[in-house]
Amino acid sequence: MSNINISLPESMKVFIEEQVAEGGYGSVSEYLQELITQDQKRKMQEHVEELLIAGLESGEAVEVNDEWWQQKRTHLINQMHQEK
């Protein structure tokens with residue numbers, strides 16, 4: 001693991017220490033790691049939502065059913081055989 005030194009106002013330091021004590025975290029480091037993990041998850045969720053919206057806005061809707069999947073499989077298998 002790597003170390004990072006940060007400077008915080010005293011009020012933030014006190015807040016973090018309270019969160020560590022009240023939240024059952026083993027250390028300030030553990031608390032900050034949890035916050036960073038939550039932020040990473042939030043940003044990933046935002047990215048997924050952006051991709052879904054882009055997909056919805058990308059053109060005409062296609063009904064995806066068993067027949068569509070079979071055609072897709074057949075097309076991809078044929079494509080793989082052509083590339084060999």
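Me: Before we start, what is a salt bridge here?
Reply: A salt bridge is a side-chain nitrogen of Lys or Arg within 4 Å of a carboxyl oxygen of Asp or Glu. Keep in mind that this is a predicted model.

Me: Okay! How many salt bridges are in the whole structure?
Reply: A search of the whole structure turns up four salt bridges. One of them pairs Lys 43 with Asp 39, and their closest N and O atoms are 3.8 Å apart.

Me: Where do Lys 43 and Asp 39 sit?
Reply: They are in helix α2, and because they are four residues apart, about one helical turn separates them.

Me: Which salt bridge does Arg 42 form with Asp 39, I mean what's the N to O distance?
Reply: For Arg 42 and Asp 39, the closest N and O atoms are 2.4 Å apart. Arg 42 also meets Glu 46 in a salt bridge, at 2.7 Å from N to O. Glu 46 and Arg 42 are four residues apart in helix α2. Through shared partners, Asp 39, Arg 42, Lys 43 and Glu 46 are joined into one network.

Me: Nice. Switching topic: which residues form the nonpolar patch on the surface?
Reply: That patch is made of Ile 4, Ile 6, Leu 8 and Met 12, with about 420 Å² of accessible area together. Leu 8 lies in the segment before α1, and it counts as partly exposed because its relative accessibility is 37%.

Me: And α1, how many residues does it have?
Reply: Helix α1 has 14 residues and reaches 20 Å from its first C-alpha to its last. Just after α1, Gly 24 takes a positive phi of about 75°.

Notes: Residues are numbered from 1 along each chain as its sequence is written. This is a predicted model: local features need pLDDT of at least 70, side-chain atom pairs count only at pLDDT 80 or more; totals for chains, interfaces and linings use all residues. Side-chain values use heavy atoms; hydrogens and water are left out. Patches are made of residues with over 30% relative accessible area and no salt bridge: like charges are joined within 9 Å, nonpolar side chains (Val, Leu, Ile, Met, Phe, Trp, Tyr) within 5 Å. Accessible areas come from the Shrake-Rupley method with a 1.4 Å probe; for residues, only the protein chains shown count as cover. Helices (H or I, at least four residues) and strands (E, at least two) are DSSP runs, numbered from the N terminus. Buried means under 20% relative accessible area, exposed over 50%, partly exposed in between (1.4 Å probe, protein chains only). The expected span of a helix is 1.5 Å times one less than its number of residues.
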